[in-house]
Each structure stands twice: as structure tokens, then as C-alpha cells.
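Hi,

Here is the structure I promised to send you. Have a look at it first, then read on for what turned up.

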Amino acid sequence: METVSEHVDLRSDTVTLPDSEMREAMANAPVGDDVFGEDPTVNRLEEEAAALLGKEASLYLPSGTMANLAAVLAHTRRGDAVLVDPESHIFYYEAGGTSLFGGNQLWPVDELHAGRGVEMLQKAIRPPNIHFAPPALLCLENTHNRRGGTVLSPEEQDALYAAAREYGLLLHLDGARIFNAAVAQGLAAALYTRSCDSVMFSLSKGLGAPAGSILAGSSSFIQEAKRYRKALGGGMRQIGILAAAGLVALERRHELEEDHRRAQELARGLIQLPGLIIDPYPPPTNMVMLHTLESGLYAADAVEGFSELGIKTLPFGEHTIRLVVHRNISDEGVEKTLQAAASVFERQR
Ligand SMILES: *Cc1c(COP(=O)(O)O)cnc(C)c1O
């Protein structure tokens with residue numbers, strides 16, 4: 001029953017496949033109409049997820065994009081400014097949804113996730129003035145996708161949140177991979193969510209469920225978000241079939257540690273090849289950002305070279321490739337990738 005790809009697919013951790021245990025849980029899930037709040041499996045998932053994140057309530061949504069969007073809609077009014085990192089998923093990859101549906105102005109803050117984040121944030125928050133869109137919400141991302149799976153510690157997040165709160169901003173955490181952060185630092189996930197008003201995480205990435213994301217926060221916030229989920233077309237019916245996979249995925253969260261170990265192994269092997277740079281090094285979580293400039297290969301050519309050898313990777317810039325390790329990548333897959341890399345990059349010399 002399990003579909004096993006002959007390729008080693010390192011493009012993303014979204015490509016993870018449900019295994020037979022997960023499929024069995026899905027087949028056996030008790031279900032009901034979730035728009036009426038009557039799906040017992042969804043209700044259980046929402047309760048467990050809220051407890052894990054130390055929040056009053058949570059909501060199951062079809063995707064992380066919809067969860068982020070529902071959060072921004074629930075936290076803001078039309079015309080409000082939403083402060084984000086310019087490399088964040090919300091700014092970069094969500095089709096401008098908050099502008100399209102919320103009438104918000106996304107306001108990019110450079111270096112938000114770097115050492116000078118608090119200072120940069122304070123500079124970006126503009127005082128009340130009829131010329132300015134009033135800043136209402138700060139969004140952080142942890143782990144950070146376009147910054148190579150980097151982790152903000154609970155203390156770093158707290159400092160940014162405290163600075164934002166001084167100006168009356170609300171706080172949303174795009175924690176699509178928050179369990180990767182928690183596992184990497186050996187801390188409880190709730191520490192990363194203690195100072196935010198809402199948090200989203202993906203069940204469909206490294207955790208391995210076929211679909212779904214969770215949005216968590218106060219009960220009144222979740223009530224609002226539920227209305228927006230309905231308006232966005234995200235109210236689904238006997239969806240316990242999918243939520244059951246989410247419950248299995250949540251139980252497996254500690255296994256993300258294996259992905260991190262394999263990402264480090266992959267990185268250790270790759271930097272031994274001439275002209276290859278990995279940054280950040282060592283990879284903080286499950287992503288390996290490979291820079292090919294000094295090897296003389298463009299990312300697109302390297303991706304094609306890998307592809308010919310059965311390794312799928314994603315170009316992430318002119319000279320950057322992203323390789324994401326996940327639960328369907330074995331030690332053998334890492335070994336196969338390193339052999340392919342030797343051939344792709346040595347062919348070049
Ligand atoms: C994938 C991702 C999302 C969106 O999740 P989808 O389920 O793909 O819509 C949001 N934020 C981050 C950081 C992500 O990596």
C-alpha cells in the first residue's frame with residue numbers, strides 16, 4: 001500500500017507520504033460534521049494541539065496558508081500594517097493573501113530574525129500619524145524556511161514580542177515547523193508560543209500527515225478565526241479522516257530529531273566536495289542550503305545533474321539549492337545523495 005518513490009526527493013518535507021499505520025488510523029477514525037463541531041477526531045486533535053502549545057483552543061485548517069491568513073484577518077482591520085520579515089513565508093509565498101482578503105499592508109522589516117531584530121523592529125514601528133498605515137500585528141517565523149531552517153530561541157522570540165507589545169501590536173507566530181525548533185533545542189514547544197497571541201503549525205510537512213494545519217490561541221480568537229475559515233471556504237465536513245493522520249503525526253514529533261541528524265550528515269559530506277558551501281553550517285534543523293557559486297555550477301544545472309541521478313532538489317537562487325531531509329529520507333538516501341553530488345560537482349572540474 002505504501003507508495004515508495006525511486007527518487008530521493010529532497011525538494012521539501014511536504015512530500016512525505018502517509019505509511020500504513022497512518023492510513024489505518026485514518027480508515028478507523030470516528031467522524032462527524034466538523035462545521036457543526038461534531039467530528040470527534042477533529043475535536044480531539046484540536047484539544048491535543050492546543051494543550052501542546054499552551055493555548056486555550058485551536059482550529060484545524062486545510063493548509064498553513066489559510067491558517068496564517070485567518071490569523072491575520074482575525075487580528076487586524078483593513079488598512080492595518082502587518083510587520084513581517086521580507087524573507088518570511090507570509091510575505092514571500094502566500095500570494096499576497098492578506099492584502100487580497102484583509103486589505104492589509106505587509107510591512108517588511110529587514111533583519112527581523114537576526115541579532116539586531118529588536119532594534120530593527122523599533123525603527124520600523126512608526127508613530128501614530130495620518131500618513132501611516134497603523135501597525136497592528138507582528139509575525140515571526142520559526143523555524144525560518146528561506147533562512148535555511150534557522151531557529152529563534154524562546155528568549156529571542158520573547159524579546160521581539162516584548163518590543164512589539166510596547167507599541168500595542170499583537171503577535172502571530174508562523175510556526176509551520178515549530179516542532180523542528182523545539183526538537184532541535186530540546187525544549188517544549190509551548191515555550192516558543194508563550195508570548196504570542198496565535199501560532200500556526202503544519203501537520204503536512206516533516207510531521208508527515210497528508211494535509212492540514214493547526215491555528216492556536218485564546219478561545220475568543222479561535223472563535224473569530226473559525227468565522228474567517230468558513231468565509232475562506234475552509235469549513236470541511238467529515239474531516240476526522242484527515243485529522244486522524246494529524247494525531248498520528250503529532251505523536252511522531254520527536255522523530256524529527258532523526259531528520260536533523262541526517263541533514264547534518266548530508267551537510268558534512270557535501271562540504272568535503274570542492275567549491276561547495278553550506279550556509280548555515282551545520283544545518284540547524286532539517287534543511288541544507290547548498291551554495292554552488294565556487295563550484296562554477298548554476299543552481300539550475302546542479303539540480304538537473306542531481307535529477308539525472310535520481311535525486312530531486314529545489315533551486316533556491318542563482319547559486320543556491322535547498323535540500324530538505326524528512327521522514328522518507330533514509331541513511332541510504334543520504335548516502336545516495338552524497339554519491340550523486342560527488343559526480344555532479346566533480347564532473348565540473
Ligand atoms: C509551508 C509553509 C506555510 C504554508 O503552509 P501550506 O500548508 O503549504 O499552505 C507557511 N509558513 C511556512 C514557514 C511554511 O514553510
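How many residues surround the ligand, and which are the closest? There are 13 of them, and the closest are Gly64, Thr65, Asp174, Arg177 and Lys205. Before you zoom in, keep in mind that this is a predicted model.

Let's start with the contacts. On its own the ligand would expose 380 Å², and the protein buries 86% of that.

Now for the surroundings. The ligand takes up the space of the second largest pocket. Sort the shell residues by type and you get six polar, five charged and two nonpolar. Which helix gives the most to this shell? That's helix 3, residues 64-75, with three residues.

Then zoom out to the whole protein. You can count 14 helices and 13 strands in its secondary structure. The radius of gyration is 21 Å, close to the 20 Å that the globule rule gives for 349 residues, so the protein is as compact as a globular protein of that length. If you follow the C-alpha trace along its principal axes, it spans about 60 × 55 × 35 Å.

Cheers

Note on methods:
Residues are numbered from 1 along each chain as its sequence is written. This is a predicted model: local features need pLDDT of at least 70, side-chain atom pairs count only at pLDDT 80 or more; totals for chains, interfaces and linings use all residues. Side-chain values use heavy atoms; hydrogens and water are left out. A residue is near a molecule or strand if one of its heavy atoms lies within 4 Å of it. Accessible areas come from the Shrake-Rupley method with a 1.4 Å probe; for residues, only the protein chains shown count as cover. On a 1 Å grid over the protein atoms alone, a cavity is a set of points where a 1.4 Å probe fits but cannot get out, and a pocket is an open set with protein on both sides within 12 Å along at least five of seven lines; lining residues have an atom within 4 Å of a point. A molecule sits in a cavity or pocket if more than half of its atoms lie within 2 Å of its grid points. Helices (H or I, at least four residues) and strands (E, at least two) are DSSP runs, numbered from the N terminus. Ala, Val, Leu, Ile, Met, Phe, Trp, Tyr, Cys and Pro count as nonpolar, Asp, Glu, Lys and Arg as charged, and the others, Gly among them, as polar. The radius of gyration is taken over C-alpha atoms; the globule rule is 2.2 Å times the number of residues to the power 0.38.
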